[in-house]
Amino acid sequence: MGTSVLSLRIDGELLDRLRGHAAKRGMSVQDYVVQTLIRDDFDQRFTTAVEETEKFYGSPEYGVT
């Protein structure tokens, strides 16, 4: 899998906040943003998998099995 470049234009206030969050974790802003995107992508895929499983087996919250 190769890499690509994504360029973002963000305001100074948001960049300062990102720098703060990244610094707390000892990361660069770029690494912090990439990790955040990866985590969000995983969360979405996990949620979708749970929903599909509930459709297949029935949702325990409704007492369907």
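A salt bridge is a side-chain nitrogen of Lys or Arg within 4 Å of a carboxyl oxygen of Asp or Glu. Asp16 and Arg19 give us one to start with: their side chains meet in a salt bridge, at 3.4 Å from N to O. Before we go on, please note that this is a predicted model, in which local features need pLDDT of at least 70 and side-chain atom pairs count only at pLDDT 80 or more, while totals for chains, interfaces and linings use all residues. Residues are numbered from 1 along each chain as its sequence is written, and side-chain values use heavy atoms, with hydrogens and water left out.

Let us look at the helices. Helices here are DSSP runs (H or I, at least four residues), as strands are (E, at least two), and they are numbered from the N terminus. Helix H1 covers 12-24 and helix H2 covers 29-57. The expected span of a helix is 1.5 Å times one less than its number of residues. For the 13 residues of H1 this gives 18 Å, and the end C-alpha atoms of H1 are 18 Å apart, which agrees. H2 has 29 residues, and from its first C-alpha to its last it reaches 42 Å, close to the 42 Å expected. Just after H1, Gly26 takes a positive phi of about 65 degrees. After H2 comes Gly58, whose phi is also positive, near 100 degrees.

Now back to the salt bridges. Side chains of opposite charge can pair when their charged atoms come close. How many salt bridges does the rule give? The count comes to 4. Asp16 and Arg19 both lie in helix H1, 3 residues apart, about one turn of the helix. An α-helix has 3.6 residues a turn, so residues three or four places apart point the same way. In helix H2, Arg45 forms a salt bridge with Asp41, with the closest N and O atoms 3.0 Å apart; these two residues are 4 residues apart, again about one turn. Further along H2, the side chains of Lys55 and Glu52 meet in a salt bridge at 3.4 Å, N to O, and Lys55 and Glu52 are 3 residues apart, or about one helical turn.

How open to the surroundings are these residues? Buried means under 20% relative accessible area, exposed over 50%, and partly exposed in between (1.4 Å probe, protein chains only). Arg45 counts as exposed because its relative accessibility is 51%, whereas Asp41, at 37%, is partly exposed. Lys55 is exposed at 63%, and Glu52 is partly exposed at 44%. Arg19 is partly exposed too, with a relative accessible area of 46%. Ala22, which also has its place in helix H1, is buried, with a relative accessible area of 1%.

Arg19 and Val29 are 10 residues apart in sequence and 5.6 Å apart in space, C-alpha to C-alpha. Ala22 and Val33 are 11 residues apart in sequence, and their C-alpha atoms are 8.4 Å apart.

Next come the rings. A pair of aromatic rings is described by the distance of the centres and the angle of the planes. Rings of Phe, Tyr and Trp (its six-membered ring) pair if their centres lie within 6.5 Å; planes under 30 degrees apart count as stacked, over 60 as edge-to-face and the rest as tilted. By this rule there are 2 aromatic pairs. Phe42 and Phe46 form a stacked pair, with 6.0 Å from centre to centre and 20 degrees between the planes. The rings of Phe56 and Tyr57 have their centres 4.8 Å apart and their planes at 85 degrees, so this pair is edge-to-face. Phe42 and Phe46 are 4 residues apart in helix H2, separated by about one helical turn. Phe42 is partly exposed, at 46% relative accessibility, while both Phe56 and Tyr57 are exposed.

Finally, let us visit a pocket. On a 1 Å grid over the protein atoms alone, a pocket is an open set of points where a 1.4 Å probe fits, with protein on both sides within 12 Å along at least five of seven lines; lining residues have an atom within 4 Å of a point. The largest pocket is lined by 16 residues, of which Leu6, Gln30, Val33, Val34 and Leu37 lie nearest its centre. H2 gives the most to this lining, with 5 residues.
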